[in-house]
Amino acid sequence: MRRWTVRTHLAGLVALAAATCARGERAPAAGPAVIDDAHRRVTLAVPARRIVSLLPSFTEMLFAIGAGDRLVGRTAWCDYPPAALAVPSVGDGIPPNVEAVAARRPDLVVLYRSGPNVTAAEQLERLGVRTVLFDLNRLEELGSVARRLGVLTGHRAAADSLARAMDSLVSQGPESPTPNPKSLAFIVWDNPPIVIGAGSFLDRLAGLAGAHNVFHDIATPSAQVSIETIAARNPDFIAVLSDTAAPPRYAGRPEWRVVPAVRKGRFLVLPGGLFGRPGPRAAEAVRELRRRLETTP
Amino acid sequence: MDRGLIVALRGVTCRYPDAARDSLVGVSLELRAGELHAVLGPNGSGKTTLVRAALGLVPLVAGEVEILGRPAHTWSRRDLARVVGVLPQREDNLFPQRVRETVLLGRYPHLSLLGGVGAADRAALERALVACDAAALADRWLWTLSGGEYQRVRLARALAQEPRLLVLDEPTASLDLRHEMELFELVRTQVDAHGLGALLITHHVNLAARFADQVLILAEGRAVARGAPADVLTRETAAAVFEWPVVISAFEGRPQMIPLRKKEDHQ
Amino acid sequence: MKYLVLAGAALATLAAALLVGPANLPLADLASSPIVWQLRLPRAVLAFLVGGALGVAGTSLQALVRNPLADPFLLGLSGGAGLGAVAAIALHLPGPWALPLAAFVGAVGAMALVYRLGLVGGGELDPRILLLGGVAVGALAGAITTAIVSLAEATELRNAFLWLWGGFSGASWTTVLVMLAYAPLPLGVLIAAARPLDLLALGEEPAQYLGADVRRLKRVVYLAASLLTAAAVAVAGVIGFVGLVVPHVCRLLWGRLHRTLLPTAFLTGGVLLAAADTLARTVVAPRELPVGIVTALLGVPVFAFLLRRWTVG
């Protein structure tokens with residue numbers, strides 16, 4: 001049995017090496033390699049030393065796994081941890097300024113996989129810069145991204161432990177089951193009213209914090225609904241993403257006050273940095289949301 | 001004040017905005033009740049411009065126009081529409097409509113803003129249709145009419161305005177002989193029976209000579225001759241204006257113009 | 001007889017708009033429910049008013065430019081409104097009225113520009129140039145809008161476009177009152193121009209000979225119809241096809257005399273838009289479709305049918 005296993009593994013490795021050589025890859029098979037979310041095989045000669053990160057969550061993650069000192073470029077939005085502010089900015093990243101990025105002479109650029117970013121990645125590859133594209137729309141993807149960043153930077157141990165923490169956060173239910181689960185609705189725009197559905201990580205965050213998203217039945221990340229629908233589903237809280245503490249501007253309008261939560265002023269104002277996108281501080285976000293749910297009258 | 005004088009042009013010179021030259025130069029005309037004047041001339045001689053100038057649509061450079069004794073520019077469009085009925089050369093028909101509806105448009109100058117269509121209006125409409133032998137067409141759709149029928153309907157609309165003056169700009173341009181004669185007869189009847197004045201622009205020199213009391217010949221914006229057909233329509237004048245050799249022959253006391261073929265029929 | 005049917009349809013549509021909705025209210029509670037009074041009723045009334053305004057504006061504009069395929073949004077107003085809305089969001093203008101006001105200002109700006117383009121020698125407005133000018137101004141506004149969208153932050157602007165696609169989600173008694181205070185003047189002006197508009201269908205020269213002051217008429221109709229449309233856009237975004245299709249439906253049923261056509265176009269437009277809004281709220285519940293999409297989906301087959309009738313007849 002063991003001889004058969006060894007032989008199979010050996011055969012597999014030989015086949016893989018043959019396949020790799022047959023495709024004529026530039027980099028030797030020994031360097032770090034991952035498959036990114038654009039189904040590309042990304043290989044480096046040595047672990048990345050000059051990294052440009054084009055998403056705040058990636059910046060956070062790189063610092064969290066101890067690779068922060070390798071960063072040579074970030075977007076203007078990357079403001080956490082505070083040390084990130086010392087890294088030069090290459091613009092707001094929407095879409096990425098290819099020249100500014102290339103000017104930092106990176107050996108790896110980490111991008112969020114969106115249409116314009118795929119195009120930017122192709123342009124960077126043509127300039128000889130290695131790029132890696134990751135999906136990061138759901139909490140479940142955090143672990144996988146962390147692991148792969150660990151491979152590319154050589155910080156595998158720290159990355160794997162971060163990934164385990166992310167995975168366990170997502171796989172377990174709320175820390176302690178809540179006796180009366182509160183309900184909420186995330187409202188991101190008022191005219192027309194746009195709410196968050198089950199396809200979004202915010203819905204998952206709410207669930208982990210022991211709350212119920214009244215629009216959990218909508219499969220997409222966001223959807224347009226009517227004020228009446230929100231009123232009919234009567235969430236206990238209205239969650240808004242905002243960095244100012246003030247209640248949203250529609251709170252005073254008579255037609256919105258038909259929604260009981262608006263009338264009673266039961267708003268959860270969640271800061272964008274922590275709640276805007278899945279990131280390594282997801283556990284902290286869950287705790288913060290839970291705290292607010294319990295303490296807001 | 002000449003009570004019978006309906007429209008008078010005195011030395012009228014006018015020019016279209018942004019035009020290089022004057023379209024009419026020093027043209028005069030006096031039309032009285034019960035008279036049918038014909039305006040003749042080659043293409044581009046200013047016949048349509050004469051109508052527009054008489055009705056205040058083209059600014060005057062010199063001269064004056066009076067309608068019923070008042071200067072033309074003092075008339076509002078609405079008041080003018082109550083005394084002058086015009087059949088322009090072209091007219092659009094954007095949406096399908098019936099004959100009765102389009103003739104009713106002739107009553108609009110008489111309708112007040114808030115008021116509706118009254119019995120007097122309907123009576124005038126009926127009279128106009130009967131006068132133009134179009135009563136049987138009243139409920140037909142316009143687009144089903146023949147050319148001759150359509151012109152009669154337009155004339156009925158003008159008559160529904162109950163005007164003192166009829167102005168017709170080449171009304172028989174695409175009509176066959178029968179319809180052309182019918183239209184000229186219609187206009188002549190209205191002029192004779194009701195004391196209307198009529199100003200008729202036409203290419204048909206011979207019919208103009210037969211039906212008109214006075215003829216005005218224009219060439220390049222100028223009046224070449226003005227007066228009774230027999231006095232005005234001479235061989236020299238016609239040949240010069242129309243740039244074609246003709247002979248004049250009399251018929252029922254009226255001159256008739258016969259164009260010659262080149263290289264034949266000479267003297 | 002037909003008028004009774006129209007009045008009946010209006011009442012039925014309003015009733016449906018009040019009765020139907022995600023809140024599943026029992027009939028007994030309807031009269032006292034804040035959902036009905038604060039949400040469904042103002043929304044239904046506003047949809048009716050906007051539909052009516054677009055119907056009348058469309059009818060008048062088709063008569064003005066003498067083109068049966070004219071739509072109020074052909075004159076660059078939607079482009080101007082879109083530009084205003086996007087600019088308001090990109091500049092983070094404060095207050096709940098920033099968006100509608102900016103859209104209104106944008107639409108009126110486009111109107112003024114097209115008007116200026118349409119003035120040919122001697123202060124005369126040329127309706128053919130109005131159409132071409134409208135397309136040009138709309139394209140220009142669209143280009144500037146795209147530039148702003150590409151330079152500014154992406155997510156909020158996406159929501160601006162959802163607003164622009166038309167919807168009554170923001171309906172409130174305040175918006176209804178604003179429309180009620182604003183609309184009667186341009187509506188009155190257009191209805192007073194009903195008979196001159198009948199004459200204008202013959203052509204500008206024949207209309208003048210029948211007593212219409214065509215110069216003044218063109219200006220007044222253009223301004224009144226554009227102002228009505230600008231208000232509709234400011235309140236409800238761009239809702240196409242209503243202004244195009246309603247005049248034709250009404251002409252088929254009531255003839256082409258504007259004294260009857262304009263009021264019936266108002267009612268028909270109101271019924272159509274209120275019904276479309278009810279559909280937009282219910283077909284994909286709990287989600288909502290933008291009303292502009294519903295009117296386009298309903299309007300295209302109707303438009304195709306009318307087009308066939310036009311070219312065959």
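**Notes on the predicted model**

1. Let me start with a proline: Pro192(A) sits in the loop that runs between β7 (183-190) and β8 (193-196) of chain A. Helices (H or I, at least four residues) and strands (E, at least two) are DSSP runs, numbered from the N terminus.

2. A word on the ground rules: this is a predicted model, in which local features need pLDDT of at least 70 and side-chain atom pairs count only at pLDDT 80 or more, while totals for chains, interfaces and linings use all residues. Residues are numbered from 1 along each chain as its sequence is written, and chains are lettered from A and ligands numbered from 1 in the order in which they are written.

3. Chain A has another cis bond for you to look at, joining Tyr80(A) and Pro81(A) with an omega of about -5°. Pro81(A) belongs to the loop between β4 (71-73) and α3 (98-103) of chain A. Most residues other than glycine have a negative phi, and most peptide bonds are trans.

4. Two backbone angles in chain A also deserve a glance. Arg105(A), though not a glycine, has a positive phi of about 50°. Arg105(A) is placed in the loop between α3 and β5 (108-112) of chain A. Arg105(A) counts as exposed because 11 C-beta neighbours fall inside 10 Å (buried means 20 or more other C-beta atoms within 10 Å, exposed 12 or fewer, partly exposed in between, with C-beta atoms placed from the backbone).

5. Asn234(A) is likewise not a glycine and has a positive phi, of about 45°. The loop that holds Asn234(A) lies between α8 (227-233) and β11 (237-241) of chain A. Here there are 13 C-beta neighbours inside 10 Å, so Asn234(A) counts as partly exposed.

6. On to domains. Chain A is assigned domain 1 (25-169) and domain 2 (183-295), with bounds that come from an automatic or database domain assignment. Their C-alpha centres lie 30 Å apart. Across the boundary, 17 residues of domain 1 of chain A are in contact with 10 residues of domain 2 of chain A (contact means C-beta atoms, placed from the backbone, within 7 Å).

7. What supplies the domain 1 side of that boundary in chain A? At least two residues each come from α2 (56-64) and α6 (156-171) of chain A, and α2(A) gives the most, with five residues. By class, this side has 11 nonpolar, two polar and four charged residues (Ala, Val, Leu, Ile, Met, Phe, Trp, Tyr, Cys and Pro are nonpolar, Asp, Glu, Lys and Arg charged, and the others, Gly among them, polar).

8. Between chains, 22 residues of chain B are in contact with 22 residues of chain C. On the chain B side, helix α2 (residues 77-83) of chain B contributes the largest share, three residues. That side divides into 13 nonpolar, two polar and seven charged residues.

9. Finally, a helix pair in chain C: the axes of α12 (residues 242-254) and α13 (residues 258-282) of chain C come within 9 Å and cross at roughly 125° (axes are lines fitted to C-alpha atoms, for helices over the stretch in contact, and angles run from 0 to 180 degrees between N-to-C directions). That angle is why α12(C) is oblique to α13(C) (under 35 degrees is roughly parallel, over 145 roughly antiparallel, 65 to 115 roughly perpendicular, the rest oblique). Residues in the contact include Trp254(C) of α12(C) and Leu261(C) of α13(C). By class, the contact of α12(C) with α13(C) has 10 nonpolar, four polar and one charged residues.

Notes:
Two residues are in contact if their C-beta atoms, placed from the backbone, lie within 7 Å.
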